[in-house]
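Subject: Structure for your review

Dear colleague,

Please find below the structure that I am handing over to you.

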Amino acid sequence: MNRVKKMMKAREAGSLLFLALLILLVGLVNSDFWQPASLLNCLNDSVVFTLLAVGIAFVILTGEIDVSIGATLGMSAAVGATILRDGGSVVTAVLAAVSVGAVIGLVNGFGVSILNIPSLIFTLGVNGVVRGLIYVYTGGAWVENLPASFTKASNIKIAGELTLFYAVTIVLVLIANYIVTKTRKGRYFTAVGDNISGATLVGIPTVQTKILAYVICGIMAAVAGMVYASRIGFITPTAGNNYEMKAIAACVLGGVALTGGQGSLFGAAIGAIIMSSISRILVFLGFSSDYDNTITGIMLIVIVVVTTVAQNHGIVKNRHEILKARTNKAKSNAGQKGDQKV
């Protein structure tokens, strides 16, 4: 397994290399892409997908999936935006949105962990329910006329073109990644995804860990929803539609294994930058942004296939080495017994 883990860490480095090569190649076609403002805008544009990718990474690390995060983003954003439109404070709106996200996450965690319903099926059902509730809540209308102070917040810059939102997001990612990789309870997520039976035997609360992962995922989607509302300035009933595909693709591209137990939140954040930059890259290359979803789907398929083949190869090779070591040890022990008899 150490070989497999090293391979996944190498994939994080590979994601950084891929991002660098992508910037290089696009810049060679259109040098305007190399402008500092353009590159920083790629980071700024990735805020929403970074939050979504990091949130769903918690779930994927436990070996599960959540395809309702796009709907969670839309519902949370609609609730928060409505409060702001009707004169409520930003604090109240954010707390309400986060509460909605946490509740949806709790429902997902309950269905998957307590009722033992396959996560893809259950979260797909929740996605449909939440999408329907968005239309009921908004009456099918857009939530508009948000306070100028709220919509302008997404444009606050702290260093050149780098926005405050992205700076805060990066700090959040670094803190969360440290907790998951360096603290005992934080490592529960990967332990559950790596071997749930073994995790149970050593006393890790597997059910609670999965529920917590879904709640965190819901909260992150809600925060992403409020950032989305600030950046766009209005909310439609279809807000966040198909965002789950890009978030999952970002995680996989960043080295988070869909089988669970391997990867990091930092890798997911790298993948989010790549995924969110596709539309901007297409424009600089002279293509229509209509190809965005198609390219995202192709990348997801290719990444999953390559990762699965490489991971299976690593596992098989590791097993062969273990078997070879055991065989050599058995032969050595047999030789020692023969010498003793003589």
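Predicted model: local features only at pLDDT ≥ 70, side-chain atom pairs only at ≥ 80, totals over all residues.

Helices H3 and H12

Helix H3 covers residues 47–61, and helix H12 covers residues 243–253. Their axes are 8 Å apart and meet at an angle of about 70 degrees; H3 and H12 are therefore roughly perpendicular to each other. The crossing of H3 past H12 is right-handed. On the H3 side, the contacts are made by Val48, Phe49, Leu52, Ala53, Ile56, Ala57 and Ile60. Their counterparts in H12 are Tyr243, Lys246, Ala247, Ile248, Ala250 and Cys251. Two of these residues, Phe49 and Tyr243, also belong to a cluster linked by ring pairs, together with Tyr228.

The chain as a whole

The chain contains 14 helices and two strands. Of its 342 residues, 47% are buried. Where contacts join residues at least 6 apart in sequence, 77% of them are between residues at least 24 apart. The accessible surface amounts to about 16,600 Å², and carbon and sulfur atoms account for 66% of that area.

Aromatic pairs

The number of aromatic pairs in the model is five. One of them is formed by Phe33 and Phe284: the ring centres are 5.2 Å apart and the planes stand at 70 degrees, so this pair is edge-to-face. Phe33 sits in the loop between helix H1 (2–29) and helix H2 (36–45), while Phe284 belongs to helix H13 (residues 265–284), so the pair ties together parts that are 251 residues apart in sequence. Both Phe33 and Phe284 are buried.

Phe58 and Phe189 form another pair, with ring centres 5.2 Å apart and planes at 80 degrees, so it too is edge-to-face. Phe58 lies in H3 and Phe189 in helix H9 (residues 188–194), so this pair ties together parts that are 131 residues apart in sequence. Phe58 counts as buried at 7% relative accessibility, and Phe189 is buried with a relative accessible area of 6%.

Backbone angles of two asparagines

Most residues other than glycine have a negative phi. Asn116 has a positive phi of about 60 degrees and is placed in the loop between helix H5 (90–114) and helix H6 (119–138). With a relative accessibility of 61%, Asn116 counts as exposed. Asn242 likewise has a positive phi, of about 70 degrees, and is found in the loop between helix H11 (206–232) and H12. Asn242 is partly exposed, its relative accessible area being 39%.

Surroundings of Thr151

Which residues does Thr151 touch, leaving aside those up to four places away in sequence? They are Leu146, Ser230 and Gly233. Thr151 itself is part of helix H7 (residues 148–152). Its C-alpha atom is separated by 7.5 Å from that of Ala229, although Thr151 and Ala229 are 78 residues apart along the chain.

Yours sincerely

Key
Residues numbered from 1 in each chain as written. Heavy atoms only, no water. Helix = DSSP H or I, 4+ residues; strand = E, 2+ residues; numbered from the N terminus. Buried < 20%, exposed > 50% of the residue type's maximum accessible area, 1.4 Å probe, protein only. Contact = heavy atoms within 4.5 Å. Areas by Shrake-Rupley, 256 points an atom, 1.4 Å probe, with all protein chains shown as cover. Phe/Tyr/Trp six-rings, centres within 6.5 Å; stacked < 30°, edge-to-face > 60°. Axes fitted to C-alpha atoms, helices over the stretch in contact; angles between N-to-C directions. Parallel < 35°, antiparallel > 145°, perpendicular 65-115°, else oblique. Left-handed = near helix turned anticlockwise from the far one by under 90°.
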